[in-house]
Amino acid sequence: GRINLALGWDPYFGDRSRLLAARRAEQLFRKANEPLMLAQALGHAGRAASRYRDAGEAIACFDEALSILRPHGPTKLLALLLLSQATAHKHAGDVAVARSYALEGQTVAASLGDIQTLDMCGIQLASIAYEADELEEAIAIAHESLERCRGAPFMRNHFVAAQWLAGFLLLSGGIEAGRAAA
């Protein structure tokens, strides 16, 4: 199960080539009655299954994983799966639900001192605002996220926040500000 779990890890959403291994891990952890590992396998399957505007399978995986994890209280895995569920709902076009999951993930991450996930939730909230046609809000959130990421040791988050901010500024007509952010 653990080998399939590792093979099923999709660091980005939508690598369906990882889905078979994640589903195999899911089967093995169900059989072994390992609920926390099952939740992790479901999270991997959800990430691998997610495709832009076709997120139904991913949402179902994340729903089950969250139902397993919530009774255990706040954990980093719970925060990450809330963030993943937010992303899946954003991909499905349901920005209100996406926003609520991202905010909940942010709350859980903050309660744990999980700066990396906290920052990722902030970045996702900027993206969700953009999807909701709230460009000025997206810019404000991306700017705030970038400032928060500057002091953190996670370069990926810093890069993604700068990327989103630059893109949003360019879309708003702020060519020089967008160039500076880029």
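Modeller: Helices here are DSSP runs of H or I with at least four residues, numbered from the N terminus. Please note that this is a predicted model.

Biologist: In which helix is H89 found?
Modeller: H89 is in helix α5, which covers residues 76–91.

Biologist: Is H89 buried or exposed?
Modeller: H89 counts as buried, because its relative accessibility is 11% and the cut-off for buried is under 20%.

Biologist: Which residues does H89 touch, leaving aside those up to four places away in sequence?
Modeller: H89 touches I59, D94, V97, A98 and Y101.

Biologist: Turning to helix α4, how many residues does it have, and how far does it reach?
Modeller: Helix α4 (residues 56–69) has 14 residues and reaches 20 Å from its first C-alpha to its last, close to the 20 Å expected.

Biologist: Which residues of α4 are buried, and what do they pack against?
Modeller: A58, I59, C61, F62, A65, L66, I68 and L69 are buried. The buried residues of α4 pack against α2, α3, α5 and α6.

Biologist: And how do the axes of α6 and α7 cross?
Modeller: The axes of α6 (residues 95–112) and α7 (residues 115–131) come within 9 Å and cross at roughly 165 degrees. An angle over 145 degrees counts as roughly antiparallel, and α6 and α7 are therefore roughly antiparallel to each other. Their crossing is left-handed.

Biologist: What kinds of residues make up the contact of α6 with α7?
Modeller: The residues of that contact divide into 11 nonpolar, four polar and two charged. Those in α6 include V95, A98 and L103, and those in α7 include L118, C121 and L125.

Terms used:
Residues are numbered from 1 along each chain as its sequence is written. This is a predicted model: local features need pLDDT of at least 70, side-chain atom pairs count only at pLDDT 80 or more; totals for chains, interfaces and linings use all residues. Side-chain values use heavy atoms; hydrogens and water are left out. Axes are lines fitted to C-alpha atoms, for helices over the stretch in contact, and angles run from 0 to 180 degrees between N-to-C directions. Helices (H or I, at least four residues) and strands (E, at least two) are DSSP runs, numbered from the N terminus. Angles under 35 degrees count as roughly parallel, over 145 as roughly antiparallel, 65 to 115 as roughly perpendicular and the rest as oblique. A crossing is left-handed if the near helix is turned anticlockwise from the far one by less than a right angle, and right-handed if clockwise. Contact means heavy atoms within 4.5 Å. Ala, Val, Leu, Ile, Met, Phe, Trp, Tyr, Cys and Pro count as nonpolar, Asp, Glu, Lys and Arg as charged, and the others, Gly among them, as polar. Buried means under 20% relative accessible area, exposed over 50%, partly exposed in between (1.4 Å probe, protein chains only). The expected span of a helix is 1.5 Å times one less than its number of residues.
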